[in-house]
Structures are given as structure tokens and as C-alpha cells.
Amino acid sequence: MAARATWKGYLKISLVNIPIRVFPATDSAATISFNQLHRECQTRIQQKKWCPTCQIEVTNDDIVKGYQYEKGKYALIEEEDIDKVRPPSTRVINVMQFTDASVIDPVYVERPYYLGPDGQVAADAFAVMREALAGKAAVGKLALYGREYLVTIQPRDNGFVMYTMRHAAEVRAMSAIDELKLVPTKVKADEVKLAKQVIGNFEKEGDLTQYEDDYQKELQKVIDAKIAGHEVSAPAEEAPPKVVNLMEALRQSLERVSNTKKRPAAVKASPGKIAKHSPAKRARG
């Protein structure tokens, strides 16, 4: 099924305005979700808004936003107050600067979207800007749904990928992590050399499409079994290995990879020949 655009507007680069469509880059339907039910009657639970002081259920008209400036003290903010600073939603992604794509720190990335041209006329200008942006990233702003988003746009395949970005004030500095102060500044060269050998044995092209969500697959099996009226037994949980000596653990890792590579391939039986096996033991009931 073809993807549906969730937003239409313009990509504004200086005096160039390219009509575009924005598509979600992720599929939320691929993740299994659940509803909360009352165990006894299997009715969906309603989430009600409750005031614990007045002991009553309140409606949306009775609710006001409050900013806590001291413990237990709030500044009440009405919608009219927010409207005074709320940016009006526009149909324009306004590009403010360009930079090398490599300098975009992934910690700032929030959510990905795909951009496509809105119509054949826009496709030509879209293609030119995509080629011109090779290796670069456009940084811009987008006012949407009453708030302002920082975005970066980069070429990808025959289109663009746009990321909504966190602002610097939303990203915690790594210096705030006290545990990182325990990390030594100097390491042993022989340990690093061995670690690089282990890493080298697992190096690949970086194709993430080869990995599947095993948890989702197993969870779907449990759901299918429940629907069919069956129970599913949980697999035995493996205890995590204890690493006592780093060098020994690295050596064992190399040996395991080496033994796997040397293992001979299974020999297939020729047609017409049947391998002899001992009788299978009967499973105990």
C-alpha cells in the first residue's frame, strides 16, 4: 500500500519554493499494542480525570494548565496566554543554513520523515536541490500544531529525509553522568589491539535490514496461541556470563569466532541412501 502524506507545503530555500509532501518514515502499526481491560468482564478501562482534593471527576472545561515555580505553588496559564506566543502554523519549511551532514549529532535527532515532490512540476526543482545537497544537511524551522520545530533535511536515495530535532536545552550534557568519571583516561595497548581484532571479526556493511524484532515475533506467537486457546511455555532464561578478566574474555571471543569459521559444513545424504540412526527414545509423558 502506498504511503499517505501527512502534511503538504513548501520547502523554502532562499527565494526557491518547492511544493512538497511529508510522509512518516516509520510504521507504528508494526509494533504490537494492547488495550487495558477489566480482568473480570474484559471491558476496556476508561481513563477518567479525578481531583483527589474535591473527590470528584472533572471535565476538560474545569482543567487549567499550571506551571510549578515552587513546590505546591503554580502559575495558572490560560490558553489565551499561550496564544500570545504560539507561532501560527504555516505551510513552509524555512531553511536557514546548510552544513556537512556529518556534524549532525544523532543525540539531537527526534523523529524521521520522508519528503517527496508535490506534483510533476515540483519534481524537477526537487531533483536539482537533492543533487546539490549531496553530503550536506539543511537546517530549518517548521511551525506546526502551535509549536515550532527545528528540522534537518538530507538527501536519501531519490528523495529527502527530514528529522525533527531536539533543541540544545533539551539535551543533557554527558558531564552530568557521574559514572563516566570512573572511566580511565589511559588503557592498555595490548587490550585495545585484541579488542580491535574481535571487532574486526564482526564488521559488516552496516545493513540493518537483516535484523528483525525477535521480541515482536515471539509476542505474536503468544497472541496467536491465546486466540487459538493454547498456552505457550516460556523458554529457559540464560544467566548472563560473568566477565572476570577482560583479556581472557577477548581471547575466548576470538577462539569462538575462529572455531565457527573452521566448522565443516553439514554433508547432505545422497539420494537413495539412508543414514543409519539409533532408534529414537520415546518421550516421557
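Guide: One term before we start: buried means under 20% relative accessible area, exposed means over 50%, and partly exposed is in between (1.4 Å probe, protein chains only). This is a predicted model, where local features need pLDDT of at least 70, side-chain atom pairs count only at pLDDT 80 or more, and totals for chains, interfaces and linings use all residues. Residues are numbered from 1 along each chain as its sequence is written, and side-chain values use heavy atoms, leaving out hydrogens and water.

Visitor: Does Ile-177 count as buried, partly exposed or exposed?

Guide: Ile-177 is found in the loop between strand 11 and helix 3 (189–201). Helices (H or I, at least four residues) and strands (E, at least two) are DSSP runs, numbered from the N terminus. Because its relative accessibility is 37%, Ile-177 counts as partly exposed.

Visitor: Which residues make the nonpolar surface patch of about 380 Å²?

Guide: Patches are made of residues with over 30% relative accessible area and no salt bridge; like charges are joined within 9 Å, nonpolar side chains (Val, Leu, Ile, Met, Phe, Trp, Tyr) within 5 Å. Areas here come from the Shrake-Rupley method with a 1.4 Å probe, and for residues only the protein chains shown count as cover. The patch of about 380 Å² is made by Met-174, Ile-177, Leu-180 and Val-183.

Visitor: How many helices and strands does the protein chain have, and what share of its residues is buried?

Guide: The protein chain has five helices and 11 strands. Out of its 285 residues, the buried share is 17%.

Visitor: How many residues are in the largest nonpolar core?

Guide: A nonpolar core is a set of buried Ala, Val, Leu, Ile, Met, Phe, Trp, Tyr and Cys residues joined through side-chain atoms within 4.5 Å. In the largest one, Leu-11, Ile-20, Ile-93, Leu-115, Ile-153 and Met-162 have the most contacts inside it, and the core has 22 residues. Apart from it lies another core, with Ile-104, Val-139, Leu-150 and Tyr-163 among its members, and its size is seven residues.

Visitor: Leaving aside neighbours within four places in sequence, which residues is Ile-153 in contact with?

Guide: Contact means heavy atoms within 4.5 Å. With neighbours within four places in sequence left aside, Ile-153 is in contact with Leu-11, Ile-93, Leu-115, Lys-136, Ala-137, Ala-138, Phe-160, Val-161 and Met-162.

Visitor: How far does helix 4 reach from its first C-alpha to its last?

Guide: Helix 4 covers residues 214–227, which is 14 residues. The expected span of a helix is 1.5 Å times one less than its number of residues. Helix 4 comes close to the 20 Å expected at 1.5 Å a residue, as its first C-alpha to its last spans 20 Å.

Visitor: Is Gln-216 buried or exposed, and what does it touch?

Guide: Gln-216 lies in helix 4. Gln-216 counts as buried because its relative accessibility is 13%. Not counting residues up to four places away in sequence, Gln-216 touches Ala-30, Thr-31 and Ile-32.

Visitor: And Ser-233, is that one buried or exposed?

Guide: Ser-233 sits in the loop between helix 4 and helix 5 (246–262). From Val-222, Ser-233 is 11 residues away in sequence and 9.2 Å away in space, C-alpha to C-alpha. With a relative accessible area of 66%, Ser-233 is exposed.

Visitor: How many salt bridges does the structure hold?

Guide: A salt bridge is a side-chain nitrogen of Lys or Arg within 4 Å of a carboxyl oxygen of Asp or Glu. One of them joins the side chains of Lys-73 and Glu-70 (3.6 Å, N to O). The structure holds 14.
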